[in-house]
Amino acid sequence: MAESLPLEMLTYILSFLPLSDQKEASLVSRAWYCAAQNALREIPPQLSSSYLSSPAHPGLAMDSTTKDGMQPALLPGSSCPGPEWPEQERAERLARGAALKWASGIFYRPEQLARLGQYRSREVQRTCFLEARMKSVVQSYLEGVKTGMWQLAQALEAVREACGALGQAHGLLQGMAKAVQTLEPLREQVSQHMQLQALSQLLPRLRAIPAAVAHTQTLIDAQQLLEAYVSLRELELLRGETWASLGDLELPIFEGLGPLAEGLGQAVEAVVGAAGQLAREDPALLVAAVRVAEVETGRTTALEQAPRDWRQRCLRALQEGLERVHFQTPLLPGPGALAGWLEALRVALPAELATAEALIAPCCPPHYKVVQLWAHTLHSGLRRCLQQFLEGAELGAADAFTLLHWALHVYLGPEMMGSLELGPEADVSQLEPLLTQENIEQLEATFVSKVQISVVQWLQKALDGEVAEWGREQEPDTDLSGFYHSPMPAIVLQILEENIRVTSLVSESLQRRVCAMALSELGAFLRSFSDALIRFSRDHLRGEALAPHYVPYLLATLNHHSALSSSVSVLQPDGVVSGALAPVEAALDELQRRICRLVLEVLLVELQPLFMALPSRQWLSSTELLDNVCERTASFCRDFWRVRNPAVQLLLAETERTVVLQYLCALMQGRLACRSAEERNQVAERLQHDAAQLRDLFLDLGLEESLQCAPVLLTLGKLLNLRDPTMLGLEVAGLRQQFPDVSSEDHVSALLDLRGDVSREQRLAALSFLQAGPQPSPPAGRRALFSLVPAPTPAPSSCLPSGPCA
C-alpha cells in the first residue's frame, strides 16, 4: 500500500524522519529513494526553521554546506537522481523487506504518526549503539594491523640477515670449486691406482684365459656341450667382473669370447638339427644340446649385450634338419618317378612322426611341442615341394592321377595323417590343404587332357582295325548264338569305362570331367565310324574296292550299334547330369539311320528293275512280278537273323517300308489306266493280293504286323474299286485322314488317273472337297509315307527310323 502512494506524499512523510532513517527508507524501492532525495532537497518553508533548529532533532541540525554536499546531482527535467543504484540486488532485497516491515507498522494509518517521537528516540539509541560497536571494531582492526606491521618488520629483518648469509656461502662455494679443479689429477691417479689394484688381483686368472678359451674350443669340437657351456660361462663371468672392476673397460683378451659363444651355438644347432638320428644313437648328446639352449635362453645378459635366443635357433634347426632329410632338392623325383617318391613318403613320414613321439619328444621340454612341430614341418615341407614340382614341367596322366589320389586320399587316410596312432598333440586339424583348389583343378585338367589324347589314339586304332576287317574274304565273326560279333564295341566301352571308373578313386569333380570327355570322344568316334561307313559304301558301289561280303559287314555294324546303345549308360555314373548322354544317343540314332540307308540302297538296286513293270497288264494277269520281288527280298533278308533285336525289327520294318514305297512310286507313274469297272476290280484285287503277300512275307521274316506299311495298298484298292464316282470325295477324305501327307494334286490325281473313269467335274469336285476340309494331324507314331512318293517321276527314297508306318 505504501508503494501505491504518490511521490509527493512519500516526500512529505519522509521529511519528518531524521537523515539516518531517510537513508534506511531509501533502500525500500526506487520510488522511496526518489522521495527521500526530494525530502532532503525540498523541505517545506514553514517547517524548515523549526524542524532543523529544534533541539529534538539534532541529527537534522546541519548547515547548508553539509546539506548541499549530501544532495546528489539531478539530471535536468527529472525529480530523482540519474546514477545507477549504489547497492547490489541482494542488499536491495534485504533492505526492501526490512523497510516494508517497518513502513507497514508506522505509516499504515495517519494516527500512528504520533509515535514518531518514540521511534526517533529509539533510533537515536540504536545509532549510538551502532557507532559504539563500529568504533570498537575499528579499534580492534587497527590493533591487529599494528601487530601485523611489527611482525612484517621483524620478518624483513630476518630476510636481510639470510641474504647476507647466503652471499657469504656463495663466496665460499666459488672458492671450493677452484680447489676441486686442483684435485682432479689426484682423482685420476686414485682411479688408476684402483684399476691397477684390481688388475693385479685378477692377473693370475687373466693369464689363464687363452688356455681356457682353447680348452672350451676343444670341448666344443668333442661335442661335450655341457662342459663347454660351463667353461664359457666362467669366462663370461670373469669378463663381467673385470668390466665392473675396471670401470666399464673392456680388455682385448676377451675378444675371443664372442666367436667362441657363436661356435658353441652352431654346435648346439648342428646337434639339434640331427635330432632324428641322435634320438636313436646318442640321446644324451641331444639332451645336452637342448639343456644348453634352454639355460642360455633363460639367462639375463650383462655388459649391454643382446640376448642369445638359442631356443629359437634349436626350433629352426629341428625344422631345417627334418626338411633336409626328406625334401632336399636332390631328393625330389624326376619325370615318371613321382609314384615311387610318394610311396617312399607314405612309409617314411609316419615313421618320422612315430620317432618324434617316442624318442625325440622325451629329450625336449614340453613347450617344444615336438610332435606338433614334426607334423607341421613335414606338412609344410611336402606342400612346398609339391608346389615346386607343379611349377616345373607338365606332368603325365599317370603322375597327375597318382598325385591327386595320394594327396586327397592316401595322405589324409588312416595310413598317414589320419592314423589312429597319431595322438591329438600332433594337431593335424590345423594343417592347410596339401594341394590348393587351383592345384587340384590344374592336375585334373592335365589328367583329362593327357587321357583324352590317349583315348583318341586308342579309339582310332580300334576303328582302323574294324575298318580293315570289312574287306576280308570271309564273313564277319559270329558269337555262340550266331549273331555277327566284333570286339570293337567292347574295346571302345572298356577304354572309356575304365577311365571313368578309375577316376572315382580320386574325386567326383575329376570323374565328371572324364565322363564329359569320354562322352565327347564317343560322339566323335561315332561320327568317324559313320564317315568310315560312307567311304566303305562309296568305294564298294563305285567298284574301287569291292567287298566280298558288303551287306554282312553292314549288318554287323548294326550289332555294333546295339552293343554301344545298350552299354552306353555305364558311361554315366551317379552324380552326372541326366542329359549328358543326349548327344551320344543322337549320334547313335544317326549312325543307325545311316547303316539302314546303306543296307537298303543295295536292296533298291535289286528291286528297282522289277518295279519298272508295275503297273501293267502282265501285273494284272499274273503274280510273277510280285513273286520275284518277294523272292529277291527274302533272299536279301536271309542274313537278317544274325542281327540282334531291336535292330533287326527296325531293319525289317525299314525293308518292308522300302518295298511298299517302291510299289507306291511305280503305281503313281501313270503307266496304266483302267478301261472298265472290271479292270478296276482287277486292280483292287491285285492290290489286296499283293498286300497280303507282302504281309505274309515279312511275317515269316519276323516283322510284327503292327509295324508294316502294306495295309496302305488295301486303302488304295478301296479307292480304285469305288463304284460310284460321286463318292470319291468322301473316299479321298478318308485316305487323307489316315495319311495326312498325301498330296491332292499329285497322289490323288495319279490315283484318279489310274481309275480311268473320273470326269473333269468329278475330279475337281473330289479335289475341292479334299482342299476344303481341315488339315488333319498325323496319328501318333506314324511316319510320313506319301511325302516320299514323288509323282509322276519316281525316285528312290530312303527310310528313316522314327516309328511304325501303320
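This is a predicted model: local features need pLDDT of at least 70, side-chain atom pairs count only at pLDDT 80 or more; totals for chains, interfaces and linings use all residues.

Trainee: What is the average pLDDT of the protein?
Mentor: The average is 78, and 82% of the residues score at least 70.

Trainee: Which elements have the lowest and the highest mean pLDDT?
Mentor: Helix 5, residues 64–70, has the lowest at 38, whereas helix 17, residues 437–469, has the highest at 91.

Trainee: Where does pLDDT stay under 50?
Mentor: One such stretch is residues 44–87, for which the model has 50 contacts beyond four places in sequence. Another is residues 794–806, with 45 contacts of that kind.

Trainee: Changing topic: at what angle do helix 24 and helix 26 pack?
Mentor: Helix 24 (residues 647–667) and helix 26 (residues 711–720) pack at about 25 degrees, and their axes are 10 Å apart. Angles under 35 degrees count as roughly parallel, so helix 24 is roughly parallel to helix 26.

Trainee: Which residues make that contact?
Mentor: Helix 24 contributes Val660, Tyr663, Leu664 and Leu667, and helix 26 contributes Val712, Leu713 and Leu716. The contact residues comprise seven nonpolar, no polar and no charged.

Trainee: What about helix 26 and helix 27, parallel or antiparallel?
Mentor: Their angle is about 170 degrees, with the axes 10 Å apart; helix 27 covers residues 728–738. The two are therefore roughly antiparallel to each other.

Trainee: Which residues meet there?
Mentor: From helix 26 they are Thr715, Leu716, Lys718 and Leu719, and from helix 27 they are Leu728, Glu731, Val732, Leu735 and Gln738. This contact divides into five nonpolar, two polar and two charged residues. Leu716 of helix 26 takes part in the contact with helix 24 and in the one with helix 27.

Trainee: One last item: where does Glu323 lie, and what does its side chain make a polar contact with?
Mentor: Glu323 lies in helix 13, residues 310–326. Its side chain makes a polar contact with the side chain of Arg384 at 2.9 Å.

Trainee: Which residues is Glu323 in contact with, leaving aside neighbours within four places in sequence?
Mentor: They are Gln328, Thr377, Ser380, Gly381 and Arg384.

How values were computed. Residues are numbered from 1 along each chain as its sequence is written. Side-chain values use heavy atoms; hydrogens and water are left out. Axes are lines fitted to C-alpha atoms, for helices over the stretch in contact, and angles run from 0 to 180 degrees between N-to-C directions. Helices (H or I, at least four residues) and strands (E, at least two) are DSSP runs, numbered from the N terminus. Angles under 35 degrees count as roughly parallel, over 145 as roughly antiparallel, 65 to 115 as roughly perpendicular and the rest as oblique. Contact means heavy atoms within 4.5 Å. Ala, Val, Leu, Ile, Met, Phe, Trp, Tyr, Cys and Pro count as nonpolar, Asp, Glu, Lys and Arg as charged, and the others, Gly among them, as polar. pLDDT is the predictor's confidence in each residue, from 0 to 100. A polar contact is a pair of N or O atoms within 3.5 Å; within protein, one must be able to donate a hydrogen and the other to accept it, and residues adjacent in sequence count only if both atoms are side-chain atoms.
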